[in-house]
Amino acid sequence: MSASSIFFYFVSAFILAMGLLAVTSKKIFRSAIWLLFCLVGIAGLFFWMQLQFLAAVQIVVYAGGIVVLIIFSIFLTQKAGTDLPKPATRRIIFSILATLLGFALTYTIIARHPFSARDTGPLNARVNEIGSQMLGTGRDGYALPFEVVSILLLAAMIGCIVIAMKTPAINLPGREKKGEPEKLETNSMTV
Amino acid sequence: MSQIPISHILFVSTALFFIGMYGFFTRRNMITMLMSVELILNSVNINFVAFNKYLFPQKMEGLFFALFIITIAAAEAAVAIAIIINLYRSHRSVDIEDADEMKY
Amino acid sequence: MNNYEYSIYIPLLPLLSFLIIGLFGKKFPGRLAGILGTLVLLAVTLFSMYVAYEYFFVNGKQGGIYQHLVPYKFNWLAFSPGLSIDMGITLDAISAMMLVVVSLVSLMVHVFSLDYMKGEPRFSVYYSFLSLFTFSMLGLVVASNIFQIYIFWELVGISSYLLIGFYYEKPSAVAAAKKAFIVTRFADLGFLIGILMLAFYAGSLDFETIMKVLRDGSSPQSIAITSASFLGFSALTWALVLVFAGGAGKSAMFPLHIWLPDAMEGPTPVSALIHAATMVVAGVYLVARLFPLFSFNNAALEVVTFIGTLSALLAAFIACTQTDIKRVLAYSTMSQIGYMMFALGVSGYGGEHGLGYTASLFHLFTHAFFKSLLFLCAGAVIHFVHSNDMKDMGRLAKWMPLTHLCFLIACLSIAGVPPFSGFFSKEEILSAAYEHHKFVYVVGVLTAGLTSFYMFRLYFSVFWNKPDKVYDHHAHTGWMMKFALVFLAGFTGVSGFVPFSTFISSDGVPFATANKWMQSLLPVALAITGIATAYFLYFRESSTPEKIAQSFGGIYRTIYRKFYIDELYLFVTRKIIFNGFGRPAAWIDKHVVDGAMNGVAKLTARFSNLIKGFQSGQLQTYVMYFFAGVAGLTLLIIYLWK
């Protein structure tokens, strides 16, 4: 039992525990925090696998970006202090059953498979390697997916703005007699 | 590292996947459902890098896949939040069971 | 045989006129529709008379026997190689005679209606229906195939329905039209079964073939039809009686006569044409057409005789009590047709024995003229007085002299007073009855007495009776009406002198009728007694008729209410048919048939309700099903797919 094995088992247990807490917690804010810890744990796993760049990206994007976004949206949509409603017991039982069954099925298949390594050797995941491959146009180059993803990000940005935009209020005609003109708040964009 | 067989890492990722799935089935709040989806995506990430590290250490495809997944997951989370906010404005609630207009 | 090609125009011209007047008549100005119809019918009459002339006087006879000619025949609907419905034209003695009768009377009615129906908003519709009727009746009399006669039979029924219900705003007219159609249609069920039986045994629908095959005692078909029996009567008897049932319906014989008095709701010229002279004699014509078969089977002839006699007597009794002019004439028609029927019933076949046959058709011939004359005079009277009831009339001899004269001639004819036509034809019938069936003779003579009584009761009540009646608001009788009346009166006068038996006899062989003067004394004496009785009771206003009626009390009431036959029919229909069959059938239709359909629909709805939960709109449920599907497929592929 070397130190790295112990570390691995510890991080795995941490990840799974945080994940479980995230999906079963009754308070939504705590759920978000458990998620944060889970993601940080996954970053730790990446560190253990000596993929430092990936771990850094994980922390920056996921933990620093997405979870923050989630927390903002929690604040925007409801009181964070109230408890979440408990789902129906039938639903919980069915879900547990489905989950356990699915897990059993998948893991038996995985466990039986002899994953044989083609070649051995350490994974060289240095940042300059990653960088040159990312923008490379040769055989292992990822320039095209890189550009596509950037367009995707642009589209997502514009889409979010459009979807979440509040259009200005429209005055309905013929209703001025009521004193205050009725304002209609529309959420969908009329292009 | 070499002492941990790949199946252990795959155990972790599978468990995380099904935990995320459980959360998705069970949670009523749309934001918590989104969180469960993030868990699922992360489990897939672990899978990719594990295979890359143990089976194909010469290449880095798994790593790049994982990078792109993170990016796309971020974009998707943003759009999902925008939709949830929009839905919140019309339904005044983020309970998934209140958004049932597509029923019979 | 070969130059009768123009005979096809006789039924086709009225059909053409029906189509033209029916489709375009609304746009015709004034009375053009009527004039067109009348001109077409004039052409038809001329054609008919020419055919009759050619047939009877030029080349109808071969070897002294009148032939059965078929100038046209085409195969319309073939069921099997031997059995087919052919449409064709048959010319023999009775069809040639009927052509003349039908077209002449129809022509007179057309002319009369030009004035009678003037100002009627649906004038052109009326004439189109008249043309349709004429076409149907002419087609009926020249039919060469028993199914063809059935087709035209129904066509005539439709025309009658349309014309009786002509004033469709009157509910009584609508009800009368329905009644006529339903009763005759019900009778035609028997007719159809009879046709099918005859066709089955004879193997053909053609009149000639049927009669040849079934009359020949040794042919296998004939043996088959006479040996097959049901309830003790042979199949031939059943077939003939059923066919006669159809004829009885159309000819208003007891007990299917209930529609004829109600049919008087139609316009009076229609009553003259259809319900006096032509359509109602279709039954007699049918029996005459199938007479060789009837004469072969005594049971059927007995039925014909019995029904004919009963109808004649019954109608005569009822006519003595009615006060509506047209109803009296309707019952008188029923009575005279009863005469024609029993004359056929008592007849033998061949030569002198076939006197009944000849007499019946002779009476048909003369009756057509004097009955239509009676109806048209009644029409003129009704037109003048604006009422149908005898109580509103009187002293019309002073006000309508021409009509009075024509009516008197017709009454004398129907009463059987010489030298008018009715005397001759009635004499022949009575002598035929005397030869073969004494009881029928007695009833016939008694009925003749009653006939003259009620006809002259009508005559005196309408034209005399009230010495100082004045008509302030009367209508003017047009000259076309007068022309038709005079023409028919002329025919009534001379048609008795036609030597009928040299033209028409049961087997085509002409024979001479002997004049039995001594035998005629009794009926003529009775006729004159009837006239005298009517004179004493009705010439002046008196209360004697009412006193007599009251002294008969219940009997009088029963006869006045037409022996309660209508009430009996209504009882049977309402209580038995409607309640016994109609209501259960409706219940089954509503609850079982519809219920089954509704049940299927409800079942589908319930099932759909059960499974519509799948589309709950709940995202998580969908995801669960999705996962279940994926897991299932995985298991399937991994473990079961080899």
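With which residue does A:Arg91 form a salt bridge? The partner is B:Glu97, and the closest N and O atoms of the two are 3.8 Å apart. A salt bridge here is a side-chain nitrogen of Lys or Arg within 4 Å of a carboxyl oxygen of Asp or Glu. A:Arg91 lies in helix H4 of chain A and B:Glu97 in the segment after helix H3 (61–91) of chain B, so the pair joins two chains. Helices (H or I, at least four residues) are DSSP runs, numbered from the N terminus. Over all chains, the whole structure holds 12 salt bridges.

This is a predicted model, in which local features need pLDDT of at least 70 and side-chain atom pairs count only at pLDDT 80 or more, while totals for chains, interfaces and linings use all residues. Residues are numbered from 1 along each chain as its sequence is written, chains are lettered from A and ligands numbered from 1 in the order in which they are written, and side-chain values use heavy atoms, with hydrogens and water left out.

The interface of chain A and chain B takes 84 residues from chain A and 70 residues from chain B, contact meaning heavy atoms within 4.5 Å. About 7,100 Å² is buried between these chains, and carbon and sulfur atoms give 76% of that area. Buried area is the accessible area (1.4 Å probe) that two parts lose on being put together, summed over both. A:Val23, A:Tyr62 and A:Leu123 supply 9% of what chain A buries against chain B, more than any other three residues. Between chain A and chain B the count is one salt bridge, and there are 12 residue pairs in polar contact (both at pLDDT 80 or more). A polar contact is a pair of N or O atoms within 3.5 Å; within protein, one must be able to donate a hydrogen and the other to accept it, and residues adjacent in sequence count only if both atoms are side-chain atoms. On the side of chain A that touches chain B, H3(A) gives the most, with 13 residues. By class, that side has 55 nonpolar, 23 polar and six charged residues. Ala, Val, Leu, Ile, Met, Phe, Trp, Tyr, Cys and Pro count as nonpolar, Asp, Glu, Lys and Arg as charged, and the others, Gly among them, as polar.

Two helix pairs illustrate the packing of chain A with chain B. Helix H1 (residues 3–24) of chain A and helix H1 (residues 6–26) of chain B pack at about 5°, their axes 9 Å apart. Axes are lines fitted to C-alpha atoms, for helices over the stretch in contact, and angles run from 0 to 180 degrees between N-to-C directions. H1(A) and H1(B) are therefore roughly parallel to each other, a term for angles under 35 degrees. Residues of this contact include A:Phe8 and A:Leu16 of H1(A) and B:Ile9 and B:Tyr22 of H1(B); they divide into 12 nonpolar, five polar and no charged. The axes of H6(A) and H3(B) come within 9 Å and cross at roughly 10°; these helices are therefore also roughly parallel to each other. By class, their contact has 16 nonpolar, two polar and one charged residues.

Chain C and chain A bury about 610 Å² between them, 70% of it on carbon and sulfur atoms. C:Met624, C:Phe627 and C:Tyr639 supply 56% of the area that chain C buries there, more than any other three residues. Across this interface there are zero salt bridges.

Definitions and conventions:
Parallel < 35°, antiparallel > 145°, perpendicular 65-115°, else oblique.
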